[in-house]
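Colleague: I would like to learn how to read a model like this one. Can we go through it feature by feature?

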Amino acid sequence: MSFEVVAKSADKAPRRACRISRYVAVCLPLLSEQFVLAMPSSMLTAIRLEWALDDSTITYVLAAGTALNGVGKFAGGVLIDRYGARRFLSVSMFLMVIGAGIFGTGLTMALVGYVILQLCAAGGWLSACKLMEQHFEPELWSWCFAVVGVGSRAGSALSKLALGSLLKVMHWQSIAWSTGVAMVLLRYICLWFIPLERMTPQRPSQGYTTRPWCERVLHITCNPSMLLYFCIVIGCYSIAHGAENDAPLILQDALRLSPADASISASVYPAGLFTSLLLAAPLYSFLRRRCAKFALELTLQILAVVSAFTLTKAVSSGWSELIAFEVLFFLLALSVGLTYYVTPNMFPLFYGDDCAFASAMLDVVGLSSSFMFQMASSVIFRSGGSWEHVLMLLTGLATFQLLATSVLSLFPRLTPHLAFCEAVPDEVTNASSDPDLHNIVETAQIIGHKHEDGEDRLGV
Ligand SMILES: N[C@@H](Cc1c[nH]cn1)C(=O)NCC(=O)O
């Protein structure tokens, strides 16, 4: 082996390590936050027994948690754009250590700890968005979202499994304190991985960071692309959250399963989401052409409509085969995973300096719609409806998401963040993996867009 070859491969190793550490930096904060955030719900069975809480109190506390998470999203978006993800995470993860500690003190203080955890954990996803925008080229954003999704799922699954098992040998308060101690360590590791300098050229800010917040909100939301992405997240968040919550109940009612059997069988749904992150998301990133990406996304969304519709039929016609329900829930999760974790989330990154706030807006719309879906389900049941009607609503939402995506696919100007798919000639991207060359091409595209659209690329 010549000296040059040895020198080249020696040179590749640190570059590979650097690339891996960038992915760790993006996904580890959300993984850590999901781990700590899932702790209160893992402790719920023990707390309910100790304080004799009734189900409606628990439902109210959980709903309040979702609302607090929404408030945290807005605050997180503003603070991350202003001070950066690193500084934000440094403070918010420290506050989560305190939140977990206070949660472990018991009684009313547990509620204070819960509020702190919900508010601070809201920034994990937004920090990931900010870090992606600053440290990855747009071509890699879909990979990153897949990695972040895997991290998020792994964090909450690990928490439920590990902390839930610890309940057999430890009191829930000691577990809460231990989670706080784990967070000290995780905070240190996260901050160690997050790069200090941005690694991609600065995307031109939409220039609104210093303007009044209502003007920023209008600027970010009132454009055709964002409005269509709002329609998409209304559909996919409701399906992703609604089906996950309802799957054990539907299985229990349709097949007369015991609570334990129903929860075990319903684990096929998170498994489907995970499979989607491992298969559909990498395939989406691998596809180079805009039309191929949309073809995959639309195919999966058609599959979501078909699975939701068949589930409705299965419930209304009284199917009794567990395997049929398992396959349908798996397909529904598999088909919704790409849209829930990847595709709409790439658009807010195009706002450059305002990207965390724009991501927060998208997330709040998605979370609110899944909250509304849960409310609508309870109204359906109170007015004499059944699972069949809830699943019909779910089918309608899947169709709504499919229509909005079809409109986006028809107008390339509505998806400026995918411009690299069409505008970068294959020879250029094939010839070199040199990030500098990519940056030059990308800057040229940005200038091209500016030239076409006037100063504001989103046409507002
Ligand atoms: N708040 C959400 C953000 C999001 C967007 N798309 C998917 N998730 C979040 O962080 N969720 C974590 C999760 O695993 O669902």
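Modeller: Start with burial: a residue is buried under 20% relative accessible area, exposed over 50%, and partly exposed in between, using a 1.4 Å probe and protein chains only. This is a predicted model, where local features need pLDDT of at least 70 and side-chain atom pairs count only at pLDDT 80 or more, while totals for chains, interfaces and linings use all residues. Residues are numbered from 1 along each chain as its sequence is written, and side-chain values use heavy atoms, with hydrogens and water left out.

Colleague: Is serine 409 buried or exposed?

Modeller: Serine 409 counts as buried because its relative accessibility is 18%. This residue is in helix α18, residues 387–410. Helices are DSSP runs of H or I with at least four residues, strands are runs of E with at least two, and both are numbered from the N terminus.

Colleague: What does the side chain of serine 409 reach?

Modeller: The general idea is the polar contact: a pair of N or O atoms within 3.5 Å; within protein, one atom must be able to donate a hydrogen and the other to accept it, and residues adjacent in sequence count only if both atoms are side-chain atoms. In this case the side chain of serine 409 reaches the backbone oxygen of serine 406 at 2.6 Å.

Colleague: How far is the polar side-chain atom of lysine 73 from a nitrogen atom of the ligand?

Modeller: For lysine 73 the distance is 2.8 Å. Serine 152 places a polar side-chain atom 2.4 Å from an oxygen atom of the ligand. An N or O atom in the side chain of tyrosine 340 is 2.7 Å from an oxygen atom of the ligand. Alone, the ligand exposes 370 Å², and the protein buries 89% of that. Such accessible areas come from the Shrake-Rupley method with a 1.4 Å probe; for residues, only the protein chains shown count as cover.

Colleague: How many salt bridges does the count come to?

Modeller: A salt bridge is a side-chain nitrogen of Lys or Arg within 4 Å of a carboxyl oxygen of Asp or Glu. The count is three. One of them joins lysine 73 to aspartate 363, with the closest N and O atoms 2.6 Å apart. The pair links distant parts of the chain, 290 residues apart: lysine 73 is in helix α3 (residues 55–83) and aspartate 363 in helix α17 (residues 355–382). Both lysine 73 and aspartate 363 are buried.

Colleague: Which residue forms a salt bridge with aspartate 81?

Modeller: Lysine 130 does, and the closest N and O atoms are 2.9 Å apart. Lysine 130 belongs to helix α6 (residues 123–135) and aspartate 81 to helix α3, 49 residues apart. Lysine 130 and aspartate 81 are both buried.

Colleague: Where do arginine 153 and glutamate 244 lie?

Modeller: Their side chains meet in a salt bridge of 3.2 Å, N to O. Arginine 153 is in helix α7 (residues 141–166) and glutamate 244 in helix α10 (residues 224–255), so the pair ties together parts 91 residues apart in sequence. Arginine 153 counts as buried because its relative accessibility is 17%. Glutamate 244, at 26%, counts as partly exposed.

Colleague: Which residues form a nonpolar patch on the surface?

Modeller: Patches are made of residues with over 30% relative accessible area and no salt bridge; like charges are joined within 9 Å, nonpolar side chains (Val, Leu, Ile, Met, Phe, Trp, Tyr) within 5 Å. Here Val91, Phe94, Leu95 and Ile98 form the patch, with about 330 Å² of accessible area together. Leucine 95 lies in helix α4, residues 85–103, and is partly exposed because its relative accessible area is 35%.

Colleague: Is arginine 256 buried or exposed?

Modeller: Arginine 256 is exposed, with a relative accessible area of 72%. The residue sits in the loop between α10 and α11 (259–266).
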